[in-house]
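Here are my notes from a look through this one, in numbered points. Have the structure open while you read.

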Amino acid sequence: MHDMVGALTNFVDLDVMKVAYLFFVGFVGGLVSGFIGSGGAFVLTPAMMSIGVPGLVAVASNMCHKFPKALVGAIKRAKYGQVDVKLGLVIGVSAEAGVLYGAHIQESIKKAFGDAGSNLYVSAAFVVILAIVGGFVLRDALKTYRSGNTHEEEKVTKLARWVQSINIPGTMVYFKSLNAKVSVLFTIPLGFATGMLAATIAVGGFIGVPSMIYVLGAPSLMASATELVIAFVMGMGGSFKYALHGLVDIRLAMIILAGSLFGIQLGAIGTTYVKGYMIKLVMGLIMVIVLFSRGLMIPVYMSQLGLMQPLAEGTVKVLKSTSFAIMILALIIGAFIVLKAMWQGIRAERKMAKEVLKHGEV
Amino acid sequence: MAGIKKKPIGKMTITGVITIVLYASLLLNQDIINSYFGKGGVYAFLPIITAFIFSFFHGSFTSIFWTVLGVEAKKKKGVK
């Protein structure tokens, strides 16, 4: 029994404030995930670590809240006809392989360069990928917004048309979200990259969703909904792997889940009121803001590795808290846009219903 | 408001109570639960199963919760 108490030091004591904090962060994260398919989770690992949860337990518990959340979100959005289960499963399985490989790379970097090295790698991956993909997604969303064509159907990109036109016998699968047959030789590397990113920065969706939209040609609404299936497959495999080593703190996972299920329902409902470009807008915006958050940390890790002059302790503290604050800000801005769009949609619908009723009476 | 549809308050209460019971039993038995769930190996199934059970009841509760509050998906008008 005493041994067990020893093992429990991995798990922090929870008080009301900590529970409320996790519940709230979970709610906002869930809201964003329900809307763009993923992206709410990256803030949870640092949020847990900020209340004293060890890094690995935070990652493991985050993952164990993510897969049930994704499942609930996927079921909800499937009711709206937005989910392509087949595409989700095909990409999800290859993403699982990407997660394993990504984790392996992480371990080797940690062995060779220590914690600061692996942190630098994670931050650099964040910055490079978010800059390229996030910048592209945001630009595309703003272009649609400025052109005033926000009510038109999204156009399939040239790249996606080319991908759909390639016929490799024996590998072709029909996907309803694309309304076309695509070779799995295209979907496998996309899934793999999604998984690798998930293992590195905890949000595979930042590659998964844009690649489904721009490379395969899925509509934004379906891509973000299908990402939830991918997140479920990846998250369940990952959670099991961590649970094998006893790293999941089920209390943390379930408390975050308590908040995030309220959020994911709302985020999913929100998607029914918007056009595809809104998904891109929220996603691109969050990616670009988070990019700055991570970018701030790069000098910290570089100085720890001796790649540049050491920073004063005060500077490190300021950079760390600013970085965390920007991350929270990204989520809150995302959540605000989602709630506003939904609110406007609901009001417009009620107004219309009233008018219809009036006319009916007359 | 048309007030034609009845709000599923009964359903919300049932799933809500089950959810509260689940969370209460998790938080009131933290020590025992952590000692088993943190063992690893075959015990790895415990957190996974727990996650499914919680998501089933709490997922239904949160869904009905927003419906009762009047926050619902857009009614389809033959779009897509």
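1. Let's start with the packing of a helix in chain B. The buried residues of α2(B) pack against α10 (250-271) of chain A, along with α1 and α3 of chain B. Keep in mind throughout that this is a predicted model.

2. Which residues of α2(B) are buried? They are Ile33(B), Asn34(B) and Phe37(B). These residues sit on the same side of α2(B), because the arc they cover around the axis is only 95 degrees. On the face turned away from that buried side you'll find Asp31(B) and Ile32(B), which are exposed.

3. Now the contact between the chains as a whole. Chain A puts in 35 residues and chain B 30 residues. On the chain B side, α1 (9-28), α2 (30-37) and α3 (45-69) each supply at least two residues. The biggest giver there is α3(B), with 12 residues. By type, the chain B side that touches chain A splits into 14 nonpolar, 12 polar and four charged residues.

4. Over in chain A, have a look at helix α2 (residues 16-36). Its 21 residues reach 30 Å from first C-alpha to last, close to the 30 Å expected at 1.5 Å a residue. What kind of phi does the residue just after α2(A) take, positive or negative? Gly37(A), in that spot, has a positive phi of about 95 degrees.

5. On to the nonpolar cores. The largest has 118 residues, and those with the most contacts inside it are Val32(A), Phe232(A), Val248(A), Ala253(A), Val282(A) and Met287(A). As background, nonpolar side chains tend to be buried together in soluble globular proteins.

6. Met287(A) deserves a click of its own. Which residues does Met287(A) contact, leaving aside neighbours within four places in sequence? Those contacts are Leu130(A), Val133(A), Gly134(A), Val137(A) and Phe206(A).

7. Last, the strands. In chain A, β1 (residues 172-175) and β2 (residues 180-183) run antiparallel and are joined by four bridges. Val173(A) stands opposite Val182(A), which belongs to β2(A).

Notes
Residues are numbered from 1 along each chain as its sequence is written. Chains are lettered from A and ligands numbered from 1 in the order in which they are written. This is a predicted model: local features need pLDDT of at least 70, side-chain atom pairs count only at pLDDT 80 or more; totals for chains, interfaces and linings use all residues. Two residues are in contact if their C-beta atoms, placed from the backbone, lie within 7 Å. Ala, Val, Leu, Ile, Met, Phe, Trp, Tyr, Cys and Pro count as nonpolar, Asp, Glu, Lys and Arg as charged, and the others, Gly among them, as polar. The expected span of a helix is 1.5 Å times one less than its number of residues. A nonpolar core is a set of buried Ala, Val, Leu, Ile, Met, Phe, Trp, Tyr and Cys residues joined through C-beta atoms within 7 Å. A residue is buried if 20 or more other C-beta atoms lie within 10 Å of its own, exposed if 12 or fewer, and partly exposed in between; C-beta atoms are placed from the backbone. Two strands pair if DSSP finds at least two bridges between them. The arc is that of the directions from the helix axis to the C-beta atoms.
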